[in-house]
Amino acid sequence: MRRAVASTRRLTILAFVFMLSVSGLAIPVASATHLIANVVSFNAVTSVTMHTDPPGATVSTTLSHTVPSAAGTILIVAIVMQQSTGDTTTITDVEIGGTELTTLRHHPLGDNNDFVDFRYTTTAVSGVNAIDIVLDPSYQGGLNHFDAVVMAFTFTGVDLDDPFRTSLFGASSEINGASGTSVSLTARTEGDMVLSAISDSGSSYEPDSGQTERADVISNHVSGAASTLAVTASGSVSMGWTVTSGGSNPVVLAVSLKPPRLSDSGGDGGAGG
């Protein structure tokens with residue numbers, strides 16, 4: 001009799017499991033690991049122009065930028081400059097609330113001293129931030145002027161402990177009448193976001209296919225523009241620009257921002273990205 005009851009119970013349990021399977025309900029047997037790719041997202045851009053003519057003195061301005069309340073937020077400031085041959089302009093100050101932004105990369109164009117400069121912070125508080133910029137010109141010849149475009153960008157979903165792929169900085173410059181220029185990077189990870197900025201005396205730009213133009217600003221003798229590219233697969237990434245009108249001294253700088261390591265939807269811990 002006991003054997004019959006036990007057999008009946010086993011049959012009842014098997015029947016119940018079968019009914020659950022047919023009804024489409026999941027029966028956890030083992031926790032499968034499914035890796036979810038994290039991605040960096042563009043948030044916003046603001047810009048301001050700076051200009052001086054002789055005799056020229058230290059020039060300062062303040063750029064207001066709203067920082068979102070989101071995980072992995074980073075603020076990047078790009079300064080693009082065109083100035084007279086032989087003149088030198090020093091970036092004296094780029095700060096928020098008395099705290100200097102960290103220099104990421106400064107790329108000049110030979111003897112012309114035109115440049116693109118990236119600086120960043122991972123500690124900007126959410127809300128409106130006042131970014132103070134001070135430029136100090138040193139006139140040594142030429143037309144004795146400078147023009148600058150300052151652009152501030154925020155991105156979310158960035159690995160704040162290690163925001164940039166250090167092997168993926170790119171810089172390029174061409175002198176005298178170049179119609180376009182580009183930077184080639186090799187992106188290793190899906191989910192990266194590449195930021196590119198260009199400085200030139202031209203008045204109009206077009207980014208290469210696949211890029212999203214984020215800014216195109218003119219300040220007297222200089223035009224500054226920026227674009228982003230969301231990386232969807234590993235491989236080579238080209239951040240290129242075409243100067244569609246005017247232009248003589250393009251300078252391009254690009255950098256790849258990285259997301260955190262891959263997350264595990266099963267809760268067992270992630271794998272490296």
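This report describes a predicted model of one protein chain, going from its overall make-up to selected side-chain pairs.

## Basis of the model

The model is predicted, so local features are taken from residues with a pLDDT of at least 70, side-chain atom pairs count only at pLDDT 80 or more, and totals for chains, interfaces and linings use all residues. Residues are numbered from 1 along each chain as its sequence is written, and side-chain values use heavy atoms, with hydrogens and water left out.

## Confidence along the chain

The pLDDT, which is the predictor's confidence in each residue on a scale from 0 to 100, averages 75 over the chain, and 66% of the residues score at least 70. Among the elements of the chain, strand β6 (residues 99-100) has the highest mean pLDDT, 94, whereas helix α1 (residues 2-22) has the lowest, 42. Helices (H or I, at least four residues) and strands (E, at least two) are DSSP runs, numbered from the N terminus.

Over residues 5-34 the pLDDT stays under 50, and the model has twelve contacts beyond four places in sequence for this stretch; a contact means heavy atoms within 4.5 Å. The pLDDT is also below 50 over residues 264-273, a stretch with 21 contacts in the model beyond near neighbours in sequence. Where pLDDT is low, the predicted coordinates should not be read in detail.

## Overall make-up

The chain has one helix and 19 strands. Of its 273 residues, 43% count as buried, where buried means under 20% relative accessible area, exposed means over 50%, and partly exposed lies in between (1.4 Å probe, protein chains only). Among the contacts in the chain with a separation of 6 or more, 80% come from residues 24 or more positions apart.

The accessible surface of the chain comes to about 12,900 Å², and 52% of this surface belongs to carbon and sulfur atoms. Accessible areas come from the Shrake-Rupley method with a 1.4 Å probe, and for residues only the protein chains shown count as cover.

## Thr73 and its surroundings

Thr73 lies in the loop between β3 (59-67) and β4 (74-83), and it counts as buried because its relative accessibility is 10%. A polar atom of the Thr73 side chain lies 2.8 Å from the backbone oxygen of Ala70. Beyond its neighbours within four places in sequence, Thr73 is in contact with Val67, Pro68, Thr122, Thr154, Phe155, Thr156 and Leu160.

## Salt bridges

Side chains of opposite charge can pair when their charged atoms come close. A salt bridge is a side-chain nitrogen of Lys or Arg within 4 Å of a carboxyl oxygen of Asp or Glu, and a search of the whole structure finds three of them. One of these joins Arg119 and Asp117, whose closest N and O atoms are 2.8 Å apart. Arg119 is buried at 11% relative accessibility, and Asp117 is buried as well, with a relative accessible area of 0%.

Asp162 and Lys258 also meet through their side chains in a salt bridge, at 3.1 Å from N to O. This pair links distant parts of the chain, 96 residues apart, with Asp162 in the loop between β10 (146-156) and β11 (170-173) and Lys258 in the loop between β18 (251-257) and β19 (263-264). Asp162 counts as partly exposed at 35% relative accessibility, whereas Lys258 is buried at 14%. In another salt bridge, the side chains of Asp192 and Arg165 meet at 2.6 Å from N to O. Asp192 stands in the loop between β12 (180-187) and β13 (193-200), and Arg165 in the loop between β10 and β11, 27 residues apart; both residues are buried.

## Aromatic pairs

A pair of aromatic rings is described by the distance of the centres and the angle of the planes. Rings of Phe, Tyr and Trp (its six-membered ring) pair if their centres lie within 6.5 Å; planes under 30 degrees apart count as stacked, over 60 as edge-to-face and the rest as tilted. The structure holds two aromatic pairs. Phe42 and Phe155 form an edge-to-face pair, with 5.7 Å from centre to centre and 75° between the planes. Phe42 is in strand β2 (residues 41-52) and Phe155 in strand β10, 113 residues apart. Phe42 is partly exposed at 21% relative accessibility, while Phe155 is buried at 0%.

Tyr120 and Phe164 are also edge-to-face, with 4.9 Å from centre to centre and 80° between the planes. Tyr120 lies in strand β8 (residues 114-121) and Phe164 in the loop between β10 and β11, so this pair ties together parts that are 44 residues apart in sequence. Tyr120 counts as buried at 18% relative accessibility, and Phe164 counts as buried at 6%.

Methods. A polar contact is a pair of N or O atoms within 3.5 Å; within protein, one must be able to donate a hydrogen and the other to accept it, and residues adjacent in sequence count only if both atoms are side-chain atoms.
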